[in-house]
Amino acid sequence: MSTGDVIIIGSGAAGLTAALVLAERCRVTVLAKGRLDGGSTAWAQGGIAAVLDQGDTFEDHVRDTMIAGCGLNRRETVEYVVEHAPDAIARLAEIGVPFNEEAGSLHLTREGGHSHRRIVHVDDATGAAVQQALIKAAVAHPNITLKPDMVAIDLVTDRHRAHPKGDRRVWGVYALNTGSGKVECLTARATILATGGAGRTYLFSTAPRGATGDGIAMAWRAGCRVSNMEFMQFHPTCLYNLEVKNFLITEAVRGEGGHLKIPPGYPGGGERFMPRFDPREELAPRDVVARAIDHEIKRLGLDYVHLDISHKDPEFVRGHFPNIYERLLGLGIDMTREPIPVVPAQHYTCGGVLVDLTGRTDLAGLYAVGECSESGLHGANRLASNSLLECFVFGDAAARDILDRWDEFAQPPEVRAWDESRVADSDEDVVIKQNWTELRRFMWNYVGIVRTNKRLERAAHRIKLLKNEVNEYYGNFRVTSDLIELRNLLQAADLIVKSARARRESRGLHYNQDYPQSQPAARETILVPN
């Protein structure tokens with residue numbers, strides 16, 4: 001067993017932001033499931049939303065966020081995040097993030113759902129630049145220990161103490177060191193979950209391989225409430241390519257004038273279709289655009305639709321989207337001369353562990369920040385480029401709350417070591433792979449962009465059978481990273497389906513054909529552990 005002041009599970013934008021603030025006074029250990037840059041942050045293309053332009057206001061950003069969130073946002077959270085956004089951008093610039101500039105000021109682009117240009121960016125690879133700068137700063141800090149290849153299994157709670165007292169408190173985490181194959185018990189006075197979302201619950205997702213809902217599942221098992229898990233955002237434009245998986249075509253392509261069209265050879269071929277669905281056309285919020293594309297694909301039996309920005313000046317396109325341009329060119333697609341084939345894919349988990357304005361969960365000593373949390377910022381649909389922003393603002397807020405209340409955090413007690421005395425090595429890994437594939441496929445078909453009561457019922461039945469099978473497997477065999485992830489994916493899927501079945505309306509990202517209308521009052525879906 002090893003101890004420290006604070007353990008942070010996750011090395012993306014939220015986790016490293018918190019680490020850098022805490023490290024001024026604490027010893028911080030940051031765990032990454034794989035590589036330090038293996039999470040969703042490094043994949044983010046678009047940018048970070050902040051009010052920096054003349055004529056733009058905090059009230060406008062708040063209003064745009066609330067409209068996208070279909071009234072389900074918590075206004076105090078939205079105001080808090082929006083008002084702290086400029087400071088977050090300034091701190092990132094201080095640690096070396098090379099934001100694009102124009103005429104001596106930050107260059108701002110516009111994305112769907114925004115009423116103003118307010119997206120700061122680093123070309124079309126903002127996340128990678130942010131991740132690199134944060135890692136560099138963390139590596140240089142003597143009070144931060146970075147531990148890659150550590151797969152979190154479960155939170156250390158009162159029941160894991162040598163002498164349980166009945167406290168509702170978290171003392172750290174059990175994690176599998178994939179290098180040694182051993183499970184380590186890491187304890188601390190405070191623990192922060194920054195584990196990202198649950199995108200890999202679905203067959204098609206822009207999320208990285210490790211987005212398996214780990215923090216959400218661990219917090220639920222430990223006794224935390226989980227909120228709004230039915231709101232899974234599907235990005236409208238993921239590249240359709242049978243060889244290349246999960247390549248996102250940023251929202252900014254539509255923001256800079258890209259048009260969605262029916263492919264040639266079908267009725268209406270070559271024509272734009274978004275004007276038929278929404279007056280905002282291609283700049284409508286993501287749920288509207290994703291459902292429109294899904295509708296056209298199903299109506300015409302398409303494999304994909306076209307995203308076309310070839311009517312713009314080639315130098316403009318190459319200048320704004322250099323990484324996407326080069327990547328597509330390597331696949332034989334010249335976006336300055338021809339359209340890009342795209343399909344929707346799961347992109348962001350709007351629900352998660354219920355937290356307050358400081359990132360506190362229901363359990364003392366446990367915080368959750370970033371995509372694994374439900375802070376009230378996103379509501380029923382995340383506004384583009386508010387996600388990285390949430391990571392910086394809440395990573396900072398959680399760290400400062402821990403520092404302000406440091407005397408309330410006791411030293412961790414004696415905790416029982418991980419017990420492997422009654423398990424054996426698995427000789428049936430094919431079971432894990434089969435269940436993983438089955439789960440992701442039926443979640444895509446039954447709990448995807450468009451849902452029905454019958455589909456949700458079928459998904460719930462399959463999840464129950466798979467959970468029984470996996471829990472038996474988990475009890476008999478030594479843990480592996482694949483088994484840990486499958487267990488968490490099933491728990492996340494269960495929470496998604498339970499939440500979706502509880503919402504008897506359509507709102508934002510949750511569209512149920514059996515309840516196509518929205519209820520007059522917007523209410524959160526809050527699940528409480530038994």
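Reader: Hi! Which residues is C26 in contact with, leaving aside its neighbours within four places in sequence?

Author: Hello! Setting those neighbours aside, C26 is in contact with D5, N143, L403 and W406. Keep in mind as we chat that this is a predicted model.

Reader: Thanks! And where does C26 lie?

Author: You'll find C26 in the loop between helix 1 (13-22) and strand 2 (28-31).

Reader: Is C26 buried or exposed there?

Author: C26 has 2% relative accessibility, so it counts as buried. The cut-off for buried is under 20% relative accessible area.

Reader: What does P148 touch, not counting residues up to four places away in sequence?

Author: P148 touches A32, G34 and L36. To give you a sense of distance, P148 and L509 are 34 Å apart in space, C-alpha to C-alpha, and 361 residues apart in sequence.

Reader: What about D149, where is that found?

Author: D149 is in the loop between strand 8 and strand 9. Its relative accessible area is 36%, so D149 is partly exposed. There is one more thing to look at: D149 has a positive phi of about 60° although it is not a glycine.

Reader: OK, helices now. At roughly what angle do the axes of helix 11 and helix 12 cross?

Author: The axes of helix 11 (residues 429-446) and helix 12 (residues 453-476) cross at roughly 165°, and they come within 10 Å. The two helices are therefore roughly antiparallel to each other; the cut-off for that word is an angle over 145 degrees.

Reader: Is that crossing left-handed or right-handed?

Author: The crossing of helix 11 and helix 12 is left-handed.

Reader: Which residues in helix 11 and helix 12 meet?

Author: On the helix 11 side they include V431, I432, L439, F442 and M443. Among their partners in helix 12 are L456, A459, I463, L466 and Y473. By class, the contact of helix 11 with helix 12 has 12 nonpolar, 2 polar and 6 charged residues.

Reader: I'd like to zoom in on I463. Is it buried or exposed?

Author: I463, in helix 12, has a relative accessible area of 0%, so it is buried. Leaving aside neighbours within four places in sequence, I463 is in contact with F442, M443, L490, A493, D494 and V497. I463 and M443 are 20 residues apart in sequence, and their C-alpha atoms are 9.5 Å apart in space.

Reader: How do helix 11 and helix 13 pack, at what angle?

Author: Helix 11 and helix 13 pack at about 25°, with their axes 10 Å apart. The pair is therefore roughly parallel, because angles under 35 degrees count that way. Their crossing is left-handed. The contact is made by I432, N435, W436, L439 and M443 of helix 11, with residues of helix 13 that include L486, L489, L490 and A493.

Reader: Last topic! How many residues has the largest nonpolar core?

Author: The largest nonpolar core has 68 residues, and those with the most contacts inside it are I9, V173, L193, L439, M443 and V447. Helix 13 (residues 481-502) supplies the largest share of this core, 11 residues. Apart from it lies another core, of 58 residues, including L16, A85, A194 and V393.

Reader: And which residues is L439 in contact with, leaving aside neighbours within four places in sequence?

Author: L439 is in contact with T201, L466, L489, L490 and A493.

Key. Residues numbered from 1 in each chain as written. Predicted model: local features only at pLDDT ≥ 70, side-chain atom pairs only at ≥ 80, totals over all residues. Heavy atoms only, no water. Axes fitted to C-alpha atoms, helices over the stretch in contact; angles between N-to-C directions. Helix = DSSP H or I, 4+ residues; strand = E, 2+ residues; numbered from the N terminus. Parallel < 35°, antiparallel > 145°, perpendicular 65-115°, else oblique. Left-handed = near helix turned anticlockwise from the far one by under 90°. Contact = heavy atoms within 4.5 Å. Nonpolar A, V, L, I, M, F, W, Y, C, P; charged D, E, K, R; others polar. Core = buried A, V, L, I, M, F, W, Y, C linked by side-chain atoms within 4.5 Å. Buried < 20%, exposed > 50% of the residue type's maximum accessible area, 1.4 Å probe, protein only.
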